[in-house]
Amino acid sequence: MSDEECCESVRTESLMRIYHYLDGELTTTEIREISIHLEECPSCHDEYEIEALLKELVRRSCSHDRAPMGLREKIRQRIALEQNS
């Protein structure tokens with residue numbers, strides 16, 4: 001089975017790994033593993049490129065907007081609550 005066929009069979013998992021990779025939510029070992037896989041798997045590399053471009057587009061489009069103060073405060077409170085539980 002080729003890398004492409006292997007990745008197609010676990011599409012959701014592959015996409016989640018790409019999202020975590022793009023968001024910097026992985027360990028150094030996981031980053032290294034995914035980087036190697038992206039170099040060797042055209043299907044996953046294409047998905048990575050699409051998701052990276054989309055993430056950049058969203059970042060550029062939203063970078064000028066600031067969250068309302070009330071929303072920012074609610075988020076801070078929620079984070080504090082989660083950290084304390």
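These legends walk through close-up views of a predicted model.

**View 1**
Let's start with the overall layout. Of its 85 residues, 14% count as buried.
Helix 3 covers residues 28–40 and helix 4 covers residues 42–62, and the two pack at an angle of about 110° with their axes 6 Å apart. That angle makes helix 3 roughly perpendicular to helix 4. Which residues meet here? From helix 3 come H37, L38 and E40, and from helix 4 come P42, C44, H45 and Y48. Sorted by type, the residues of this contact are four nonpolar, two polar and one charged.

**View 1. Six residues form the largest nonpolar core.**
Now for a look inside. The largest nonpolar core is made of Y21, L26, I34, L38, C41 and C44. Take I34 as one member: leaving out residues up to four places away in sequence, I34 touches R17, Y21 and L26. Another member, C44, sits in helix 4. Is C44 buried or exposed? With a relative accessibility of 3%, C44 counts as buried. The C-alpha atoms of C44 and S14 are 7.4 Å apart, although these two residues are 30 residues apart along the chain.

**View 2. E51 is a buried residue of helix 4.**
This view stays with helix 4, where E51 is found. Why does E51 count as buried? Its relative accessibility is 14%, and buried means under 20%. Who are its partners? Setting aside neighbours within four places in sequence, E51 is in contact with I18, Y19 and L22.

**View 3. D23 and K55 pair up across the sequence.**
Side chains of opposite charge can pair when their charged atoms come close. The structure holds five salt bridges, and one of them joins the side chains of D23 and K55, at 2.4 Å from N to O. D23 lies in the loop between helix 2 (11–22) and helix 3, while K55 lies in helix 4, so this pair ties together parts that are 32 residues apart in sequence.

Next stop, helix 5. R76 forms a salt bridge with E73, and their closest N and O atoms are 3.9 Å apart. How many residues separate R76 and E73 along the helix? They are three residues apart, about one turn of the helix, and both lie in helix 5 (residues 69–84). R76 is partly exposed, with a relative accessible area of 48%. E73 is partly exposed as well, at 35% relative accessibility.

The side chains of E82 and R78 meet in a salt bridge, at 3.2 Å from N to O. Both residues lie in helix 5, four residues apart, which is about one turn of the helix. E82 counts as partly exposed, at 44% relative accessibility. Why does R78 count as exposed? Its relative accessibility is 53%, and exposed means over 50%. Elsewhere, salt bridges that share partners join E56, R59 and R60 into one network.

Definitions and conventions. Residues are numbered from 1 along each chain as its sequence is written. This is a predicted model: local features need pLDDT of at least 70, side-chain atom pairs count only at pLDDT 80 or more; totals for chains, interfaces and linings use all residues. Side-chain values use heavy atoms; hydrogens and water are left out. Axes are lines fitted to C-alpha atoms, for helices over the stretch in contact, and angles run from 0 to 180 degrees between N-to-C directions. Angles under 35 degrees count as roughly parallel, over 145 as roughly antiparallel, 65 to 115 as roughly perpendicular and the rest as oblique. Contact means heavy atoms within 4.5 Å. Ala, Val, Leu, Ile, Met, Phe, Trp, Tyr, Cys and Pro count as nonpolar, Asp, Glu, Lys and Arg as charged, and the others, Gly among them, as polar. A nonpolar core is a set of buried Ala, Val, Leu, Ile, Met, Phe, Trp, Tyr and Cys residues joined through side-chain atoms within 4.5 Å. Buried means under 20% relative accessible area, exposed over 50%, partly exposed in between (1.4 Å probe, protein chains only). A salt bridge is a side-chain nitrogen of Lys or Arg within 4 Å of a carboxyl oxygen of Asp or Glu.
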